Amino acid sequence: MARADKATAVAELKSEFEGSSAAVLTEYRGLTVAQLKELRTSLGENAKFAVAKNTLTKIAANEAGVTGLDDLLLGPTAVAFVKGDVVEAAKGLRDFAKANPLLVIKGGVLEGKTLDATEITKLADLESREVLLAKLAGALKAKQSAAAAMFAALPTQMAQLADALRAKREESGE
């Protein structure tokens, strides 16, 4: 690879690191081109899966301010640059790795924090953003409903108490 090509590749990788909220490193040894194409398709618009030389990836990551990836850049490594929902991309990689055991998730980086393979798997086990937001909205609505019922119960109990007192007075003839 010529020096100019290397500089261009490093600049592209650097811009990918800077423009991504997360990057997941994988080992792809043994996967066919068709399988890699299938993986790229399954990730969709959420992530870009790129194969690059380890030394160029190290240089680009360091220039982009991403640290902690040097230990993961051993052997054939590909990087999934995640621009959308990180959980959805992690699920896509995890599911593809289950179906194709030759894809090994090594680890990655999420908003500057280095993650190992188990943390990526835990991230993939999370529910989607929409489901979590729906659960939060449901919890907030339940709290508001409980508060409204409590506030409505006080006047209702007062009215029932006044009615019971009136009925007692009528019985006693007062």
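This is a predicted model: local features need pLDDT of at least 70, side-chain atom pairs count only at pLDDT 80 or more; totals for chains, interfaces and linings use all residues.
Residues are numbered from 1 along each chain as its sequence is written, and side-chain values use heavy atoms, with hydrogens and water left out.

**View 1. Strand β3 between its partners.** Helices (H or I, at least four residues) and strands (E, at least two) are DSSP runs, numbered from the N terminus. β1 and β3 run antiparallel and are joined by six bridges (strands pair if DSSP finds at least two bridges between them). Here Leu-25 stands opposite Val-79. β2 also pairs with β3 in the antiparallel sense, over five bridges, and Ala-47 stands opposite Val-82. Six of the six residues of β3 are buried, so the strand is largely enclosed by the rest of the structure; buried means under 20% relative accessible area, exposed over 50%, and partly exposed in between (1.4 Å probe, protein chains only). Thr-77, Val-79 and Phe-81 lie on one side, with Ala-78, Ala-80 and Val-82 on the other.

**View 2. The largest nonpolar core.** A nonpolar core is a set of buried Ala, Val, Leu, Ile, Met, Phe, Trp, Tyr and Cys residues joined through side-chain atoms within 4.5 Å. Of the 25 residues in this one, Leu-39, Leu-43, Phe-49, Leu-93 and Leu-103 touch the most other members. Helix α4 supplies the largest share, seven residues. Look around Phe-49: leaving aside neighbours within four places in sequence, its contacts (heavy atoms within 4.5 Å) include Thr-26, Leu-36, Arg-40 and Ala-78.

**View 3. Salt bridges, including the pair in helix α6.** A salt bridge is a side-chain nitrogen of Lys or Arg within 4 Å of a carboxyl oxygen of Asp or Glu, and the count comes to eight. Arg-166 and Glu-170 both lie in helix α6, four residues apart, about one turn of the helix. Arg-166 is partly exposed at 43% relative accessibility, whereas Glu-170 is exposed at 56%. Salt bridges that share partners also join Glu-16, Lys-48 and Lys-83 into one network. Elsewhere, Arg-94 and Asp-95 meet in a salt bridge (3.2 Å, N to O); Arg-94 counts as buried at 16% relative accessibility, while Asp-95 is partly exposed at 40%.
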